[in-house]
Amino acid sequence: MPETKNVFISHHYKDDTDVDKLTDLLRKNGYNIRNSSIRAKPANQERLDKGLVKDEVIKRLLRMKISWAGSVIVIVGKETHKRPWVNWEIEQAHRQGKKIVGIYESGLKDKVDLPPALEKYGTSQVVGWDSESIISAIEGEPSFQNPDGTPSARKDGSHIKC
């Protein structure tokens, strides 16, 4: 049985089903992961939406969960670049020296804007749901692609090679 990898999957809460699809896809291809990302139950999500949980509490929890993970996977959809928490999680992952892998959400074919921190710090950006590319990126083999699967030029910045 393959080694289990600890990951943090950064995503917009409306994309929770994509998190399940991703973990299932990897598991079916013999890759075991444990995900430490936050997945709020409806009642807790309502508290978050109403601002009843302080940002510092959320940040402390996220820092711990990111610290536990070996890699951070970012599910990129059409609106992800507008999500401040996703951007914050990517910046935190970079500060902690984590591999940061961007994965386009299931079925996405059109070019989308990436979260600014992912453009700056991502160690890979791969097409969603291509298990071979995803696993290679998590293992440290960078791959830069467009949502349609065509190669994309690597952008120099603060990328780290693990």
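Which residues does Leu118 touch, not counting residues up to four places away in sequence? They are Val74, Val76, Ile90, Ile100, Gly102 and Gln125. Contact here means heavy atoms within 4.5 Å.

## Basis of the model

This is a predicted model, where local features need pLDDT of at least 70 and side-chain atom pairs count only at pLDDT 80 or more, while totals for chains, interfaces and linings use all residues. Residues are numbered from 1 along each chain as its sequence is written, and side-chain values use heavy atoms, with hydrogens and water left out.

Helices (H or I, at least four residues) and strands (E, at least two) are DSSP runs, numbered from the N terminus.

## The sheet

Five strands form an open sheet in the order β2-β1-β3-β4-β5, with parallel pairing. Two strands pair if DSSP finds at least two bridges between them. The edges are β2 (32–35) and β5 (124–126); each has a single partner strand, so one side of each lacks a neighbour in the sheet. Neighbouring strands are turned by 30 degrees against each other on average, direction ignored. Axes are lines fitted to C-alpha atoms, for helices over the stretch in contact, and angles run from 0 to 180 degrees between N-to-C directions.

Strand β1 (residues 4–10) runs parallel to β2, joined by four bridges. Val7 has Asn35 in β2 as its bridge partner. β1, α1 and β2 make a right-handed β-α-β unit. Right-handed means that, with the strands pointing away from the viewer, the path from the first strand over the helix to the second runs clockwise.

## Helix α6

Helix α6 (residues 131–138) packs on the sheet and touches β3 (71–76), β4 and β5. Its direction makes about 165 degrees with that of β4. Six of its eight residues are buried, so α6 is largely enclosed by the rest of the structure. Buried means under 20% relative accessible area, exposed over 50%, and partly exposed in between (1.4 Å probe, protein chains only).

The buried residues are Ser131, Ser133, Ile134, Ile135, Ala137 and Ile138. Their cover includes α1 (16–28), β3, β4 and β5. Just after α6, Gly140 takes a positive phi of about 105 degrees.

## Val101

Val101 lies in strand β4. It is buried, with a relative accessible area of 0%. Leaving aside neighbours within four places in sequence, Val101 contacts Val72, Ile73, Val74, Thr123, Ser124, Val126, Ala137 and Ile138.

## Nonpolar cores

A nonpolar core is a set of buried Ala, Val, Leu, Ile, Met, Phe, Trp, Tyr and Cys residues joined through side-chain atoms within 4.5 Å. The largest has 21 residues, of which Val74, Val76, Ile90, Ile100 and Leu118 touch the most other members. Two or more residues come from each of α3 (55–68), β3, α4 (84–95), β4 and α5 (116–121). α4 gives the most, with four residues. A second, separate core of 16 residues includes Tyr31, Ile33, Ile103 and Ile138.

## The aromatic pair

The structure holds one aromatic pair. The rings of Trp85 and Trp88 have centres 5.9 Å apart and planes at 75 degrees, so the pair is edge-to-face. Rings of Phe, Tyr and Trp (its six-membered ring) pair if their centres lie within 6.5 Å; planes under 30 degrees apart count as stacked, over 60 as edge-to-face and the rest as tilted.

Both residues lie in helix α4, three residues apart, about one turn of the helix. Trp85 is partly exposed, at 30% relative accessible area. Trp88 counts as buried, at 14%.
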